[in-house]
Each structure stands twice: as structure tokens, then as C-alpha cells.
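Please open the structure in your viewer and keep the selection tool at hand.

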Amino acid sequence: MVLPTPHNNLFTFTLSHLSAARSLIETQFPVAIVEQLDLDSIVIESGSFIDPSLAEKFSDVLLSVKLRLAQEGSRQRVLAYFLFEHKSEPDPLTVLQLLSYVVRIWEREVREERSLSPILPMVIYHGDRPWNVAMTIDELIDCPESMRDYLVKFTCPVFDLTRTTDDSICGDPFLQSMLQLLKYGRKS
């Protein structure tokens, strides 16, 4: 049996508190995105998209949020998903890992005969050195420039705590505490 690391446990525990999850969305995504969300509707979704063989190294948190554009009383389910991934060291294939989660979520929506939802991924990183690996699928694929327009466009923003000042870690106090613990928890 593989046990999650203390950092993964802290990350998952913190984001299971909806006030902390809401604060992370409010502080780390552009205002133009946040304004489209009904943040009172945040729900923690199943993390069953994780491959069990990766459980030791990776943990993710998937949240759903209703979009404001849904009509009152509408039966149509209009959601945005936020996929948060915790990393304590740069992993060159993180963007591919997140893309595979996104595809699995969309496959589930297709099986359930629902419309595809927007999924906004983000990596929360707290390693010893700055994040220096691919944040887009394009960066992983070596091909002639003439082929680039045909590649899948996928980006995973990284909230790099190693490059974040303490003053810029804001929001819910519980979230701030977790981010500070992740930032400094690896230092002796």
C-alpha cells in the first residue's frame, strides 16, 4: 500500500475546505474568469481520475463551480472545473499528466451525455528550485514550425511558491497558512 506524503495530505485537506478552495480560485485566476463563476456553488468532485499507480507521487483536487450564465431554473448543467495539482519537484511531464486528467473528465461527461465543461488546471508548486519544465504541450513536442498550428493547445499555469513573495500570498487565512507551510516546509 502506498501512503500519500504529508505535503499531499496538507494540500488535499486544505482544499477540502470550501473557503480555502474559493480563496485559491479568487486569488490565482484572472478577475475575468472569477466574475463568470457562482462561487457559492463550489463542490469537491471525485478524484477518481488519478491512475492508482501514480498515487504516491501525485495528488489532485477537482472542484466544480456553476457558471453564472446558467439560466435560473434551467435544467442544463453549466459548470467549470478547477483541477489543482500539487508538486514538490519539477516534473517534465506534468502538463501531459494534467491533459490526461482533462480528457478523462471529458470522457466521463460524454458517457453521461452531458456537454463538455471548461476545465482550468493549475499546478501548486513548492520545490527547492524554481519551476523550469514545460507548462504547455507545445513545449513537449519536437516538430517543425509548420506543424505547430495542428498541435493540441494546452497550458497548465504554475503557482510557483519558490518565486512568490510572502506578501503576495493572500486570501483565506487557512489557505495562506497551507501555502506558507508548503513554501517553507522543505527548508531546514
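In which loop does I141 lie? Select I141 to find out: this residue belongs to the loop between β4 (119-125) and β5 (158-160). Please note that the model is a predicted one.

**First stop: a surface patch**

Keep I141 selected and consider its accessibility. I141 counts as partly exposed because its relative accessibility is 31%, a value between the limits of 20% and 50%.

**Second stop: aromatic rings**

A pair of aromatic rings is described by how far apart the centres are and by the angle of the planes. The structure holds 5 aromatic pairs. Select F29 and F84, which form one of them: the arrangement is edge-to-face, with 6.2 Å centre to centre and 70 degrees between the planes. This pair links distant parts of the chain, as its members are 55 residues apart. F29 is found in the loop between α2 (18-28) and α3 (31-34), whereas F84 is in strand β3 (residues 79-87).

F82 and F84 form a stacked aromatic pair, at 6.4 Å centre to centre and with 15 degrees between the planes. With F82 included, the selection shows one aromatic cluster, formed by F29, F82 and F84.

**Last stop: accessibility of the cluster**

F84 is buried at 0% relative accessibility, and F82 is buried with a relative accessible area of 0%.

How values were computed:
Residues numbered from 1 in each chain as written. Predicted model: local features only at pLDDT ≥ 70, side-chain atom pairs only at ≥ 80, totals over all residues. Heavy atoms only, no water. Phe/Tyr/Trp six-rings, centres within 6.5 Å; stacked < 30°, edge-to-face > 60°. Helix = DSSP H or I, 4+ residues; strand = E, 2+ residues; numbered from the N terminus. Buried < 20%, exposed > 50% of the residue type's maximum accessible area, 1.4 Å probe, protein only.
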